[in-house]
Amino acid sequence: MRKPDPYNVLGIGRSASEQDVKKAYRRLARRHHPDLNKSSKEAETKFKEIQEAYEILSNSEKRRNYDAFGHAGVDGNFNNFGSSGAAGSFFGTRFGRSGVNFGSFYANPQSGQFQHGFSSSSTLEDMISELFRGASGRRARKPGPEAGNDVQYNLSIEFEHAYSGSWISISVMNRNIDVHIPPGVDTGSKIRVSGQGTRGFRGGPSGNLILNINVKPHPFLRREGLHIHVTAPISIGEAILGAEVEIPGPDGNLFLKIPSGTQSGTVFRFKGKGFSSLKNGERGNLYATAHIQVPDKLDPTSRELVNELERRNPINPRKRFWGNNP
């Protein structure tokens with residue numbers, strides 16, 4: 001079966017730079033990696049082709065050999081070139097004759113030593129690299145270990161978990177992973193879980209798992225930076241006479257003391273009840289804003305009482321609009 005052109009496999013041209021080769025390889029390897037395509041034989045085959053193509057094109061010696069002789073220059077078919085053509089010319093120059101058969105390299109079959117400094121344990125890749133060494137002045141190096149790819153995961157968490165921190169179990173690439181959510185995270189925060197991405201190549205380390213955090217909105221609480229805001233509804237009687245009311249907080253209910261004569265819009269502070277900073281642990285505050293609610297309907301007796309209240313305690317709430325004028 002004819003092997004595919006590594007340039008076609010990676011989808012690049014023959015003039016592609018080393019950076020282009022690496023970029024194309026990473027993109028395709030991530031798409032066809034066996035960890036992400038468990039039940040796809042086609043993806044497994046494609047991934048092997050991508051690996052083989054990269055091993056050829058990422059190695060300058062192998063790439064030069066492939067460009068000159070095709071797959072014959074980089075695999076076991078490169079064994080007898082005859083006495084004509086570019087390959088025969090090259091080997092004829094190298095060894096003083098055209099037409100070279102690798103079997104004739106042995107000077108002493110019993111000792112297993114090759115004429116050109118090869119041992120019987122030398123691989124075909126070693127022999128080809130040595131034969132072409134004169135073109136570059138150095139021996140080709142095999143690709144080294146490469147780290148696996150990072151995996152992105154979008155994680156939605158509750159408002160309370162973002163406030164207090166939590167351990168959450170998630171399933172990624174058929175693996176159950178317990179991840180720690182530190183207190184103070186917000187929508188847009190990213191958490192890196194080391195070593196939980198795709199496996200590395202040729203013994204390289206695994207990639208990382210990147211959690212993209214989204215914090216669900218709270219029905220009553222609103223976050224602004226490190227601070228939390230809440231509206232505290234109070235009745236007319238509570239505003240006039242004063243009271244202690246219960247309001248929701250991020251980690252349980254809070255008790256808010258309403259002084260007598262409290263106006264709507266008055267802001268009360270609970271120091272240190274906001275979110276903690278991811279940078280230095282500093283905490284924000286919780287601010288409760290009083291909002292006076294009035295009854296939708298009044299019975300006749302209640303109307304008389306309100307009129308009596310107005311008569312006994314006259315005020316002009318709009319006086320400040322016009323200074324001292326009535």
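Eight bridges join β9 to strand β13 (residues 286–293), and the two run parallel. The model is a predicted one, where local features need pLDDT of at least 70, side-chain atom pairs count only at pLDDT 80 or more, and totals for chains, interfaces and linings use all residues. Residues are numbered from 1 along each chain as its sequence is written, and side-chain values use heavy atoms, with hydrogens and water left out.

- β8 pairs with β9 (residues 227–235) in the antiparallel sense over three bridges, and glutamate 224 stands opposite histidine 227 in β9.
- β12 and β13 are antiparallel, with four bridges, and arginine 269 stands opposite tyrosine 287 in β13.

**The three-stranded sheet**

- Here the order is β3-β7-β6, again an open sheet with mixed pairing.
- β3 (151–157) and β6 (190–193) are the edge strands; each has a single partner strand, so one side of each is left without a neighbour in the sheet.
- Neighbouring strands are turned by 30° against each other on average, if you ignore direction.
- β6 and β7 (residues 209–215) run antiparallel, joined by four bridges, and lysine 190 stands opposite asparagine 212 in β7.

**The hairpin**

- β4 (residues 166–172) and β5 (residues 175–181) pair in the antiparallel sense over seven bridges.
- Isoleucine 168 stands opposite valine 179 in β5.
- Two residues lie between the strands of this hairpin, and methionine 173 takes a positive phi near 50°.

**The helix pair**

- Helix α2 (residues 18–32) and helix α3 (residues 41–57) pack at an angle of about 165°, with their axes 9 Å apart; helices are DSSP runs too (H or I, at least four residues), and axes are lines fitted to C-alpha atoms, for helices over the stretch in contact, with angles from 0 to 180 degrees between N-to-C directions.
- That makes α2 roughly antiparallel to α3 (angles over 145 degrees count as roughly antiparallel, under 35 as roughly parallel, 65 to 115 as roughly perpendicular and the rest as oblique).
- α2 passes α3 in a left-handed crossing (the near helix is turned anticlockwise from the far one by less than a right angle).

**The largest pocket**

- The largest pocket has a volume of about 830 Å³; a pocket is an open set of points on a 1 Å grid over the protein atoms alone, where a 1.4 Å probe fits, with protein on both sides within 12 Å along at least five of seven lines, and the volume is the space filled by probe spheres set on the points.
- Of its 19 lining residues (those with an atom within 4 Å of a point), the closest to the centre are Ile236, Ile240, Leu309, Glu310 and Ile315.
- The elements giving two or more residues to this lining are α9 (236–241) and α10 (300–312), and α10 supplies the largest share, four residues.
- The lining divides into 13 nonpolar, five polar and one charged residue (Ala, Val, Leu, Ile, Met, Phe, Trp, Tyr, Cys and Pro count as nonpolar, Asp, Glu, Lys and Arg as charged, and the others, Gly among them, as polar).

Notes. Pairing = 2+ DSSP bridges.
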